[in-house]
Amino acid sequence: MPQSLSHSQLNDLAERFGTPLYVYHAEKIKEQYEKLTSGFSVIDAKFFFACKALTNINILKYIDSIGCGIDCSSINEVKLALHAGVHPHKILYTSNGISFEEIQEAVEAGVHVNIDSLSNLEKFGKKYGNSYPVGVRLRPNILAGGNLKISTGHERSKFGIPIDRIDFLKQIVEENQIKIKTLHIHTGSDIKDADIFVHGVKVLSELVSHFPDLEVIDLGGGFKVPYEPEDEETDIALIAGKLKKFLDSHVFNGRKFQLWFEPGKYLVSECGYLITQVNVIKDNGVQIFAGVNSGLNHLIRPMMYDAYHHIVNISNPTAEEKAYTVTGYICETDTFANDRLLHEVREGDYLVIYNAGAYGFEMSSNYNSRYKPAEVLVKDGEAFLIRKRDEFEDLLRKQVKVL
Ligand code: LLP
């Protein structure tokens with residue numbers, strides 16, 4: 001399993017900042033971005049970080065600084081990106097089930113918007129006509145992704161305008177002279193199979209003749225990263241090569257389209273670590289539980305998607321391995337791993353959970369009135385606290401005492 005921060009670095013960070021702690025390694029994000037840009041160098045492609053994966057403003061700023069755009073899924077993400085200093089032209093807002101007011105706010109902010117419903121497209125057309133080039137998010141009827149909860153392009157998915165509604169879409173576009181600049185799809189997350197992306201571009205390529213102002217085909221995110229030690233990396237150059245082959249073999253009346261992608265996990269999953277500390281060891285005769293000072297409130301992926309996250313006992317790395325069930329301190333059966341082989345675990349040891357950068361902190365909560373962890377960014381060998389750990393006042397901050 002590729003590792004960019006060493007056990008001793010992680011141990012020092014745990015001692016210095018306390019646990020539970022999210023740590024992100026900036027250079028790993030850059031390495032991933034460079035894999036994308038070099039893999040896609042054969043194609044005119046642009047990348048927008050799907051910041052729903054991780055929105056700390058320092059991460060947004062860093063990702064902006066290495067040349068990547070930002071893809072947002074709410075107006076507040078747009079505001080965070082602007083706050084981080086990202087230029088509106090580098091921000092994309094791919095909407096889903098939102099009110100028209102939010103689309104107006106995004107237009108006022110000057111960012112590119114992908115609209116995902118016919119009703120909002122119609123409202124957009126009435127208000128802006130051809131004055132603001134826009135995109136449409138389509139539902140391509142492609143089933144892809146690691147599991148159904150993260151599959152977004154299939155026939156029963158709530159996302160996007162179903163491609164079988166293309167006639168209505170065209171009618172709205174023509175009646176209001178809307179300039180459609182991008183056609184967008186996102187079929188799901190954890191996709192390794194290059195042919196899924198080719199299938200996506202094929203579906204969209206059949207529609208381009210309807211849109212004379214089209215400049216961009218946006219294939220969304222979804223590149224899978226390795227989570228389990230034996231997982232292989234997604235072959236980005238293979239995906240790029242297959243997409244190029246498809247595009248080169250189609251004429252489109254001489255028109256050329258830029259490809260856009262919105263990677264979330266690919267950029268930030270592997271850069272992140274959740275460092276926890278063992279509170280209790282419980283041997284019930286059948287299983288040994290290692291209970292850590294974290295839980296589904298900090299990393300919900302194992303409970304929500306049955307996701308595998310690699311775990312290492314960095315405090316006792318040469319001891320013999322035994323099977324442990326790693327559980328959280330939440331009053332639920334929150335489990336990070338079942339019967340997982342770990343080097344002998346003792347109370348007080350640091351257990352590091354890998355691939356914690358994407359949808360880790362971002363999906364955390366204060367359930368059980370627990371504090372959200374602190375976040376640290378390691379860049380050029382230096383560690384910066386980029387979010388303070390919650391304190392008791394944070395639990396009360398928005399409560400209104402009326403009794
Ligand atoms: N673009 C759009 C329109 C999306 O909906 C998503 C993810 C992405 C890009 C980025 O996908 P990625 O490259 O990260 O796979 N919380 C789940 C993942 C939900 C993804 C939702 N949409 C998880 O932890 O697996």
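The shell around the ligand is made up of six nonpolar, seven polar and six charged residues, where Asp, Glu, Lys and Arg count as charged, Ala, Val, Leu, Ile, Met, Phe, Trp, Tyr, Cys and Pro as nonpolar, and the others, Gly among them, as polar. The model is predicted, so local features need pLDDT of at least 70 and side-chain atom pairs pLDDT 80 or more, while totals for chains, interfaces and linings use all residues. Residues are numbered from 1 along each chain as its sequence is written, and side-chain values use heavy atoms, without hydrogens and water.

Of the 19 residues around the ligand, those that come nearest are Ser189, Glu262, Lys265, Arg301 and Tyr359 (a residue is near if one of its heavy atoms lies within 4 Å). Domain 1 (40-265) and domain 2 (272-396) both contribute to this shell, so the ligand lies between them; the bounds come from an automatic or database domain assignment.

At Gly222, a backbone N or O atom lies 2.8 Å from an oxygen atom of the ligand. Taken alone, the ligand exposes 580 Å², of which the protein buries 92% (Shrake-Rupley method, 1.4 Å probe).

Elsewhere, Ile185, Thr187, Ile196, Phe197, Gly200 and Leu219 line the second largest cavity (a set of points on a 1 Å grid over the protein atoms alone where a 1.4 Å probe fits but cannot get out; lining residues have an atom within 4 Å of a point). This lining comprises four nonpolar, two polar and no charged residues.

Key:
A polar contact is a pair of N or O atoms within 3.5 Å; within protein, one must be able to donate a hydrogen and the other to accept it, and residues adjacent in sequence count only if both atoms are side-chain atoms. On a 1 Å grid over the protein atoms alone, a cavity is a set of points where a 1.4 Å probe fits but cannot get out, and a pocket is an open set with protein on both sides within 12 Å along at least five of seven lines; lining residues have an atom within 4 Å of a point.
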